[in-house]
Amino acid sequence: QLQFVESGGGLVQPGGSLRLSCVASGITLDYYAVGWFRQAPGKEHEGVSCISSRDGTTYHADSVKGRFTISRDNAKNTVYLQMNSLKPEDTAVYYCAAVPRRQLTTIQTMCVMTLRTYWGQGTQVTVSS
């Protein structure tokens, strides 16, 4: 059974940090580009950070560039999102998603077009004082 399990979310003060993890089962992430997406109440889904499977090329949305870092450990079938200098506008449900790598020409496409073939339920991140 294919499943993504996200963890690491929570309540943090502005300027704080969180590290999200996404463990995949029923799927081998080696063959997939993976990314972190978020959705805030009343807003559209947003591709936050994406990483390719071939060479680890990353893409980060302008809203998080310089603050968030995506990484992956294929041996553990896990994807991470390190979030630093968090802002109230980062408050959202964060979830990971995967797309077969053969379906993408660039990793940027996955995030910008919010392409998702498989995805998890997400974890809540709340940034508030």
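## Serine 49 in strand S5

Serine 49 sits in strand S5. The model is predicted. Serine 49 is buried, because its relative accessibility is 0% and the limit for buried is under 20%. The side chain of serine 49 makes a polar contact with the side chain of histidine 60, at 2.7 Å.

Beyond its neighbours within four places in sequence, serine 49 is in contact with Gly35, Trp36, Tyr59, His60, Val64, Phe68, Ile70, Leu81 and Cys111. One of these, Cys111, takes part in a disulfide with cysteine 50.

## Two disulfides

The count comes to two disulfides. A disulfide is a covalent bond between the sulfur atoms of two cysteines. With bonded cysteines counted along the chain, the pattern is 1-3, 2-4.

The link of cysteine 22 and cysteine 96 is right-handed, with 45° about the S-S bond. This pair links distant parts of the chain: cysteine 22 lies in strand S3 (residues 18-25), cysteine 96 in strand S9 (residues 92-100), and they are 74 residues apart. Cysteine 22 is buried, at a relative accessible area of 0%. Cysteine 96 is buried too, at 1%.

Cysteine 50 and cysteine 111 form the other disulfide, with their sulfur atoms 2.2 Å apart. The link of cysteine 50 and cysteine 111 is right-handed, with 100° about the S-S bond. Here too distant parts of the chain are linked: cysteine 50 belongs to strand S5 (residues 46-51) and cysteine 111 to helix H1 (residues 107-112), 61 residues apart. Both cysteine 50 and cysteine 111 are buried.

In soluble globular proteins, nonpolar side chains tend to be buried together.

What surrounds phenylalanine 68? Leaving aside neighbours within four places in sequence, phenylalanine 68 is in contact with Arg38, Val48, Ser49, His60, Leu81, Gln82, Met83, Asn84, Leu86, Asp90 and Tyr94.

## A four-stranded sheet

An open sheet of four strands runs in the order S1-S3-S8-S7, with antiparallel pairing. Strand S1 (3-7) and S7 stand at the edges. Each has a single partner strand, so one side of each is left without a neighbour in the sheet. Neighbouring strands of this sheet are turned by 15° against each other on average, direction ignored.

S7 and S8 pair in the antiparallel sense over six bridges. Aspartate 73 stands opposite threonine 78 in S8.

Arginine 116 is found in the loop between H1 and strand S10 (118-119). It is partly exposed, at 28% relative accessibility. Which residues does arginine 116 contact, leaving aside neighbours within four places in sequence? They are Phe37, His45, Tyr95, Ala97, Ala98 and Val99. With histidine 45, arginine 116 makes a side-chain to side-chain polar contact at 3.4 Å.

Threonine 114 is in the loop between H1 and S10. The backbone oxygen of threonine 114 lies 3.0 Å from a polar atom of the arginine 116 side chain. Threonine 114 is partly exposed, at 22% relative accessibility. Glycine 15 is 101 residues from arginine 116 in sequence, and 30 Å from it in space, C-alpha to C-alpha.

## Positive phi values

Most residues other than glycine have a negative phi. Threonine 114 has a positive phi of about 45° although it is not a glycine. Serine 85 also has a positive phi, near 50°.

Where does serine 85 lie? Serine 85 is in the loop between S8 and S9. Serine 85 is partly exposed, with a relative accessible area of 41%.

Definitions and conventions
Residues are numbered from 1 along each chain as its sequence is written. This is a predicted model: local features need pLDDT of at least 70, side-chain atom pairs count only at pLDDT 80 or more; totals for chains, interfaces and linings use all residues. Side-chain values use heavy atoms; hydrogens and water are left out. A disulfide is a pair of cysteine sulfur atoms within 2.5 Å. Helices (H or I, at least four residues) and strands (E, at least two) are DSSP runs, numbered from the N terminus. Buried means under 20% relative accessible area, exposed over 50%, partly exposed in between (1.4 Å probe, protein chains only). Contact means heavy atoms within 4.5 Å. A polar contact is a pair of N or O atoms within 3.5 Å; within protein, one must be able to donate a hydrogen and the other to accept it, and residues adjacent in sequence count only if both atoms are side-chain atoms. Two strands pair if DSSP finds at least two bridges between them. Axes are lines fitted to C-alpha atoms, for helices over the stretch in contact, and angles run from 0 to 180 degrees between N-to-C directions.
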